[in-house]
Amino acid sequence: MPPTDTTPENPAPKDSEGGATPADAAAGKDVATEKGVSTQKGGTPEDEPAAELPHGEAPGIRFEKVVKRFGSNVVLRELDFTVAPGERVTLIGPSGSGKTTILRLLMTLETLDEGLIWIGDETLWHMDRGGKRVPANQKHLHEMRKQVGMVFQQFNLFPNMNVLRNLTEGPVRVLGVPKDEAVERAKGLLDLVGLADKENAHPTQLSGGQQQRVAIARSLAMQPRVLLLDEVTSALDPELVVGVQDLLRDIARQSDLTMLCVTHEMTFAKDISNRVLMFDQGQIVEEGPPDQIFGEPSEQRTRDFLQAVLAS
Amino acid sequence: MNWDWQYSGDILPDLLDGLRYTVIATLVGYVIALILGLVWTLLRRTPSRAFNQVIRWITEFIRSTPLIPQLYFVFFVLPAWGITIGSLTAGIITLGIHYSTYTAEVYRAGIADVPKGQWEACTALNLPRSRVWLDVILPQAIRRVIPTLGNYLIAMFKDSPMLLAINVAELLFTAYQVGSKSLQFLEPITIVGLLFVVVSVISSILVRRLERRYATN
């Protein structure tokens, strides 16, 4: 059964304000005072940056008895969980608990061993052939991947291309966007991430924080409906973390992407997410709103983990 | 043994003519080696394991047999099967194919050196296979192996005298010819050595420059 409905009856108009996303409710007071990266340059209308961000039709995600092994090591054991359309979920837990594997399965960087992964009302790793569910072929994976974008810990920008080309490569080659239009949109996105003056720079000439912001813009250029953030600030120098986090908060506020976020930054997790899932050994130990998980966790395992993180 | 300057001056034009063939054979052979080597590497990465293994053993065979028997085979045996080619053409093709099996290994190492994250970014951006190779992987892989590929140019240049086995009028062949006419070998062979040094040094300077240009950014 389709786990979530994708509510296509309410496609938000493209120029609408970021508006009442669930993130606002959750992040509320924290984000209101944050004004990190400039998203509004002089002359552009108030709601202009929002036009760059995907709106409407964000699908939900559901894992159904998902099993993932690496050799004899079982990373995910019959994992079940659901993410509502447009929901922002943060995955926390010790390393090796399987949280990054969840993102990598959704991005098809790892293959699924058992179970089902739903994106909207379609399965990612399986397709329908003559009423039977069969393993997905490349074409199905290609179509499904169009909905998903990912930002990596190590940025993974293409060093042989300049910043602008990094942002237009996908739209031109995959989505078939005309070159001029792709360049225009790329410039808009660079403006959004505060790097409008770096379009001709090469990734190696940028700081880690700038590279990561380009990488975020690159993933948004593909107009994903689901955005996966895999420890996006872990490789950054401490003073560069804030800029990237502020940018992501702005994006969360102004878009209605479904977001899955793996992070060790608890304040950031609190700001950005509606719900926090605590993982250990491939299973969810505890879940709930950020205030509850970080404020008064009910499980001893969660308390130990949070203590260890705070101590570091 | 005395060095005869007069004689040296007389034979120099002939030797430079021979050098011309040496350089042509090396450069054209090198282009073949660069292109065919890449073809081998990509053919070894098809989804079919059996096919990949066949390609692997073909290249392994070519790489582990000496150049001179290969030259003989192409020049003397192929005509018996109805394929007749000139000695220079045969030499160039053989040199190119022989070295393509080396450049194939170089490309393979270069591709293996591209970080895994680059492939993952390609998947995340949903890039089609052809674009992954042409726009992302090969540009990075080839940049990494430019110094090694450059060394093979110089190695090929120094192997080109073997073409005399099939009577290509290259530098060493010409030197033997002029030497056997006058029975004075010291001058032609010494000049051959010097010419090789001059061309090799110039090429390695050019390769170094190319390397420096692509090493940055």
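pLDDT is the predictor's confidence in each residue, on a scale from 0 to 100. Welcome to a predicted model, in which local features need pLDDT of at least 70 and side-chain atom pairs count only at pLDDT 80 or more, while totals for chains, interfaces and linings use all residues. Residues are numbered from 1 along each chain as its sequence is written, chains are lettered from A and ligands numbered from 1 in the order in which they are written.

**View 1. Chain A and its confidence.** The mean pLDDT of chain A is 84, and 82% of the residues reach at least 70. Two residues are in contact if their C-beta atoms, placed from the backbone, lie within 7 Å. Of the contacts in chain A with a separation of 6 or more, 71% link residues 24 or more positions apart.

**View 2. The side of chain A that touches chain B.** Here 22 residues of chain A are in contact with 16 residues of chain B. On the chain A side, α4 (138-145), β8 (148-151) and α5 (163-175) each supply at least two residues. The largest share, four residues, comes from α5(A). By class, this side of chain A has eight nonpolar, 10 polar and four charged residues; Ala, Val, Leu, Ile, Met, Phe, Trp, Tyr, Cys and Pro count as nonpolar, Asp, Glu, Lys and Arg as charged, and the others, Gly among them, as polar.

**View 3. An open sheet of four strands.** The strands of this chain A sheet follow the order β2-β1-β4-β5, with antiparallel pairing. β2 (73-83) and β5 (122-123) of chain A stand at the edges with a single partner strand each, so one side of each lacks a neighbour in the sheet. Two strands pair if DSSP finds at least two bridges between them. Strand β4 (residues 114-119) of chain A is joined to β5(A) by two bridges, and A:W118 stands opposite A:T123 in β5(A).

View 4. A residue is buried if 20 or more other C-beta atoms lie within 10 Å of its own, exposed if 12 or fewer, and partly exposed in between, with C-beta atoms placed from the backbone. Seven of the eight residues of α3(A) are buried, so this helix is largely enclosed by the rest of the structure; among them are A:K99, A:I102 and A:L106. A:T108 lies in the loop between α3 (99-106) and β4 of chain A. Its phi is near 60°, a positive value in a residue other than glycine, and A:T108 is buried, with 22 other C-beta atoms within 10 Å.

**View 5. A:N156 in its loop.** A:N156 sits in the loop between β8 and α5 of chain A. Phi of A:N156 is near 55°, a positive value in a residue other than glycine. A:N156 counts as buried, with 23 C-beta neighbours inside 10 Å.

**View 6. A:R218 in helix α7(A).** A:R218 belongs to helix α7 (residues 208-221) of chain A and is buried, with 28 other C-beta atoms within 10 Å. Not counting residues up to four places away in sequence, A:R218 touches A:N166 and A:L167.
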